[in-house]
Amino acid sequence: MKGVLSLEKDVSRESNTLSVREMIEKNKRSVSTASVLEGLMPKILLTIAIISILTTIGIVLTLLTETIAFFREVSFVEFFTGTVLKPLGESAQFGVLPLLTATIISSAIAMLVAIPIGLMTAVYLSEYASERVRKLLKPMLEILAGIPTIVYGFFAFTFVTPLLTKLIPTLEPTNILSPGIVMGIMIIPMVASLSEDAMSSVPNAMREGALGLGSTKFEVTWKVVVPAAISGIVASFVLGISRAIGETMIVTIASGSNKVFTFDITQSMQTMTAYIVEVTGGDAPAGSTLYYSLYAVAMTLFVFTLVMNLIAQYISRKFREEY
Amino acid sequence: MKYVDTNQVQKKMTSRLLTNRIAKTLFLLATLFGLLVLVVLIYRVVAQSLGWIDFDFLNNRLSTNAERAGIKGAIMGTLWLMLVVAPVTLILGVGTAIYLEEYAKKGRLQAFIQMNISNLAGVPSIVFGILGLTIFVRGLNLGAVVLAGGFTMALLVLPVVVVASQEAIRAVPQFLREASYGMGATKWQTIKNVVLPAALPGILTGVILALSRAIGETAPLVVIGIPAFIIPLPEGLLDKFTVMPLQIYYWTIDSALVDEYANLAAATIVVLLLVLFIMNSIAVLIRNKFQRRF
């Protein structure tokens, strides 16, 4: 009762200094601006949200129009089956296969490093490590994931390549092997943390069931936890591949710009991304076939990574086991 | 009836336990491998940069003479770039997140925008570079200036900010909103006065992480055509600029010609890593200090 009384007192004091009519007027005015804002805000925010869609449309449209222009000058078949890429000079040839093989080889090397080590790291963190050890190790992995790719490129060029040359004397100063390995190291944290998330969400009851039947910890991990988390694990591999395909600076620095169609990993090879860097850095005149080839290669790259990402999303959605 | 052949079990037991032990060691070694690389990488970079980082290095302009070369231009360029990226990603990212979480009805449009954002996050950064080159540098005829680079980077890191802001907004409990409505507040008033302040730490963490990604990113800026040669210090949004990762790139590829360039690259890497480390520490600090659990 006291509260109500004191409230009434407050109101009466207010109305002493402000006439009721004024108060109503003031209230009306503020209500009307508020209601205008109320109606406007969703529209403004929707416009902002649509910018992200416009970005995608922008990417697809720019790539598509210039790619179509490219295929007016170079046939589709020549581009995708040609083994010679010689963008300059009299008899320019635009076969994408040298770039495509380099991209696939470097990504394959990267995944040979990232898949086993990443998966084993995930298993260790999720199944073996104590809470204290995990709290110590996870931030370290996050630091590894946060290092800019240019730093990895520097590392590959100035440390890993000289180190590998001691093992393989025929290794060229720029080669696809060293950036491949370093890319793998770069992807380890990604595979590890996504796989660990998948394994951590496997319910403990399943582990306890297997342990109760007399399994060793390794058997529980290998025969129960990993199969149960397989969709998340495979999705992490696919995302890793997509990351490797799109990686630019490491291969640009450490693998050089040799456009040859080869499977020799000790040689310098140019990936699709490195080609884009080289051509834009060389200031290709707008309208030339060289200029358009940039977009055709970028389109190929875009489609590859998009398909990978969609596959990863599909796998983790479709094969997810609900517990 | 005998269910378990004890002899058989005992015979296999030794090898099973051995496998278990080997596997555990192997998993631990794999985990330590990543850390080993981290240690070697940082040791190498620091060792190569020793004696090269001093006040002059931070305060000198770019030079072909390795002894006199510095990264003032790159530091200024990075600051100017952030001046564009920070507000643009904040407005676009948080705006999109508010729309998706508070206004959008669960339906086609909302699902489409959401799918679009997660796909954008997977597009290689170099493709964003081509978008920036085509639309901002050539289309709007800006040239390779701060504004063009900033817009390109902002679009690149947008998904990071959107996802972080969405999570922060989603974590604000429903009863806070209901209390606000109960006091007669409108929807926008509730968002502005209740939801956003509560979600602010999470949003800020996301923005800082996005900015640190933008600071370390190289490929899009190489593509939009940041020059390798000496340019005046940027003084406005329409000036040409360079940033630290670009400097590292050019010095690394030129280190085949001049050995000292490798030291300059290493020194720049140390500065870059320090900046990133400080930014990430601030992000973690904000997350731990201000994130209230409801």
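Good morning. I begin with one residue, A:S195, which is found in helix α7 of chain A, the helix spanning residues 177-200. Please keep in mind that the structure under discussion is a predicted model.

Is A:S195 buried or exposed? A:S195 has 29 C-beta neighbours inside 10 Å, and therefore counts as buried, since the threshold for a buried residue is 20 or more. Which residues surround A:S195, once its neighbours within four places in sequence are left aside? The contacts are with A:G118, A:L119, A:A122, A:G232, A:I233 and A:S236. Of these, A:L119 deserves a remark: A:L119 and A:S195 are 76 residues apart along the chain, yet their C-alpha atoms are separated by 6.7 Å.

Let me now turn to chain A as a whole. Chain A contains 13 helices and 2 strands. Its radius of gyration is 29 Å, whereas a compact globule of 323 residues would have a value near 20 Å. Along the principal axes, the C-alpha atoms of chain A fill a box of roughly 95 × 70 × 40 Å. Buried residues account for 42% of the 323 residues in chain A. If we take the contacts in chain A with a separation of 6 or more, 72% are between residues 24 or more positions apart.

How many helices and strands does chain B have? The secondary structure of chain B comprises 11 helices and 0 strands, and the pattern along the sequence reads α-α-α-α-α-α-α-α-α-α-α. Chain B has a radius of gyration of 25 Å, well over the 19 Å given by the globule rule for 294 residues, so chain B is more spread out than a compact globule. The box filled by the C-alpha atoms of chain B, taken along the principal axes, is roughly 90 × 65 × 35 Å. Of the 294 residues in chain B, 44% are buried. Among contacts in chain B with a separation of 6 or more, 76% involve residues 24 or more positions apart.

By class, the residues of the contact of α10(B) with α11(B) are 10 nonpolar, 3 polar and 1 charged.

Finally, I come to the contact of the two chains. It takes 63 residues from chain A and 67 residues from chain B. Which helix gives the most to the side of chain A that touches chain B? That helix is α2 of chain A, residues 20-73, with 17 residues. The side of chain A that touches chain B has 42 nonpolar, 19 polar and 2 charged residues.

α2(A) meets helix α3 of chain B, residues 72-103; their axes come within 8 Å and cross at roughly 115 degrees. The crossing of α2(A) past α3(B) is left-handed. Among the residues that meet are A:L45, A:L46 and A:I48 in α2(A), and B:I91, B:L92 and B:Y99 in α3(B). The contact of α2(A) with α3(B) has 12 nonpolar, 3 polar and no charged residues. Thank you for your attention.

Terms used:
Residues are numbered from 1 along each chain as its sequence is written. Chains are lettered from A and ligands numbered from 1 in the order in which they are written. This is a predicted model: local features need pLDDT of at least 70, side-chain atom pairs count only at pLDDT 80 or more; totals for chains, interfaces and linings use all residues. Ala, Val, Leu, Ile, Met, Phe, Trp, Tyr, Cys and Pro count as nonpolar, Asp, Glu, Lys and Arg as charged, and the others, Gly among them, as polar. Helices (H or I, at least four residues) and strands (E, at least two) are DSSP runs, numbered from the N terminus. The radius of gyration is taken over C-alpha atoms; the globule rule is 2.2 Å times the number of residues to the power 0.38. A residue is buried if 20 or more other C-beta atoms lie within 10 Å of its own, exposed if 12 or fewer, and partly exposed in between; C-beta atoms are placed from the backbone. Two residues are in contact if their C-beta atoms, placed from the backbone, lie within 7 Å. Axes are lines fitted to C-alpha atoms, for helices over the stretch in contact, and angles run from 0 to 180 degrees between N-to-C directions. A crossing is left-handed if the near helix is turned anticlockwise from the far one by less than a right angle, and right-handed if clockwise.
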